[in-house]
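Have a look at the picture first, then try each task before you read its solution.

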Amino acid sequence: MNVYLDNNATTIVDPQVFAEMEPYFVQKYGNPNSLHAFASDTHPGIKAGMEKIYAGINAHREDSVVITSCATESNNWVLKSIYFEYILTGRKNHIMISEVEHPSIIATAKFLESLGCRVTYLPINHEGLIDVETVRNNITDKTALVSIMWANNETGAIFPVEEIGELCAEKGVLFHTDAVQAIGKLPVNVQLFNVDYLTFSAHKFHGPKGVGALYMKKGKELIPLLHGGSQMGGYRSGTLNVAGIVGMGKAIEAAVDALDFEMTEVREMRDDFEDELLKIEDTFVVTPRKKRTPNTILISFRGIEGESMLWDLNRAGIGASTGSACASEDLEANSVMEAIGAAEDLAHTAIRFSLSRYTTQEELDYTLKVVQAAVIRLRGISSSYAYAPEGHESGLDSHHH
Ligand code: 7TS
């Protein structure tokens with residue numbers, strides 16, 4: 001059986017999304033900016049796609065939703081443009097992010113720091129959550145931007161973006177949120193709270209890879225990151241990704257339609273699966289369920305290196321993660337586990353299971369069995385795990401639990 005439980009890394013493309021994109025490769029392939037019928041053939045698809053994307057986050061017509069190549073580009077754009085406009089010019093000297101942002105925010109902030117920008121990396125608490133008061137305490141009159149993700153990709157922790165947005169409005173600070181892990185999992189409506197910039201990416205909600213977007217509130221438009229032609233109102237040059245726009249439009253429409261299912265059925269499956277996992281001795285989950293996206297579990301199995309568990313899972317046809325795919329090759333401790341100050345031995349034991357609306361109960365039943373067997377096998381050969389917690393008689397019986 002093949003089971004895909006790495007939906008926070010990327011998702012399967014919804015077949016309906018693929019079907020809508022297909023004509024834009026070998027039939028309607030014109031450059032939308034050209035002056036002939038090959039170009040104008042693409043216009044209805046672009047228009048419909050953009051309307052669906054605006055509707056998906058409830059952006060107003062006067063706001064700008066600019067299509068980019070990925071969330072990484074959108075995140076780089078926000079921070080670098082703020083640097084050019086506010087920091088380099090000396091109007092402000094400071095930005096604030098959380099210490100568990102995606103690397104596309106953290107690495108960009110570090111780069112700006114090397115250019116002289118002051119950066120505050122807000123800590124998370126023992127539940128992997130952010131306290132609004134720490135945001136308040138760190139804002140100064142020289143703060144240009146606060147950038148805090150809506151939901152964390154590792155734990156699924158939902159951050160208080162409404163309160164942070166309100167605080168930023170009160171203090172006159174620009175507010176950006178990376179909503180990559182929120183779309184399709186939580187209601188996202190840019191009119192319901194104060195947000196100046198919002199990042200999202202199609203491949204996280206069953207759309208194609210290579211299409212991201214940045215929402216900019218009317219009056220808060222950024223200077224472009226990519227200069228060139230007049231595409232996307234001059235905010236983001238480069239020939240439009242026509243199929244990508246069509247696909248992202250269909251994908252966000254479908255994701256919004258499936259939101260109730262995600263928040264009830266997927267959540268219920270996740271909760272039951274998590275209950276079963278937690279019955280295994282010496283397992284830990286950081287963030288309380290109610291404060292998490294409905295699809296995510298980050299769980300530690302004491303004494304088991306995350307990579308070893310992934311190996312056993314992969315051999316059984318199951319795809320999960322030890323953290324973000326971007327960090328998977330360098331065997332570093334999970335960044336969230338480090339940020340909450342988990343002991344070194346636990347920091348390396350986190351496994352992330354992320355479900356989607358395509359996940360089935362059979363897949364989770366099968367995965368549970370594989371995990372149970374892997375725990376016994378790996379703890380049996382673990383040098384750091386002693387099978388002799390208090391009250392247990394034997395230190396060596398690897399089947400004892
Ligand atoms: N922001 C967040 C919160 C993310 O989770 C990711 C990808 C990105 C930005 C980057 O998106 P992209 O469109 O540039 O690809 N996160 C993960 C992950 O958790 N595992 O692999 C990729």
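**Exercise 1.** Sort the shell around the ligand by residue class.

*Solution.* Start with the classes: Ala, Val, Leu, Ile, Met, Phe, Trp, Tyr, Cys and Pro count as nonpolar, Asp, Glu, Lys and Arg as charged, and the others, Gly among them, as polar. With those, the shell splits into seven nonpolar, eight polar and three charged residues. A quick note on the source: this is a predicted model, where local features need pLDDT of at least 70, side-chain atom pairs count only at pLDDT 80 or more, and totals for chains, interfaces and linings use all residues. Numbering runs from 1 along each chain as its sequence is written, and side-chain values use heavy atoms, with hydrogens and water left out.

**Exercise 2.** Where does the ligand lie relative to the two domains?

*Solution.* Take the bounds from an automatic or database domain assignment: domain 1 is 15–257 and domain 2 is 259–380. Both give residues to the shell, so the ligand lies between them.

**Exercise 3.** Which residues of helix H8 are buried, and which are exposed?

*Solution.* In residues 161–171, Val-161, Ile-164, Gly-165, Leu-167 and Cys-168 are buried. Seen down the H8 axis, the buried residues fall within an arc of 160° (from the directions from the axis to the C-beta atoms), so they line one face. On the other side, Glu-166 and Glu-170 are exposed.

Notes:
Buried means under 20% relative accessible area, exposed over 50%, partly exposed in between (1.4 Å probe, protein chains only). Helices (H or I, at least four residues) and strands (E, at least two) are DSSP runs, numbered from the N terminus.
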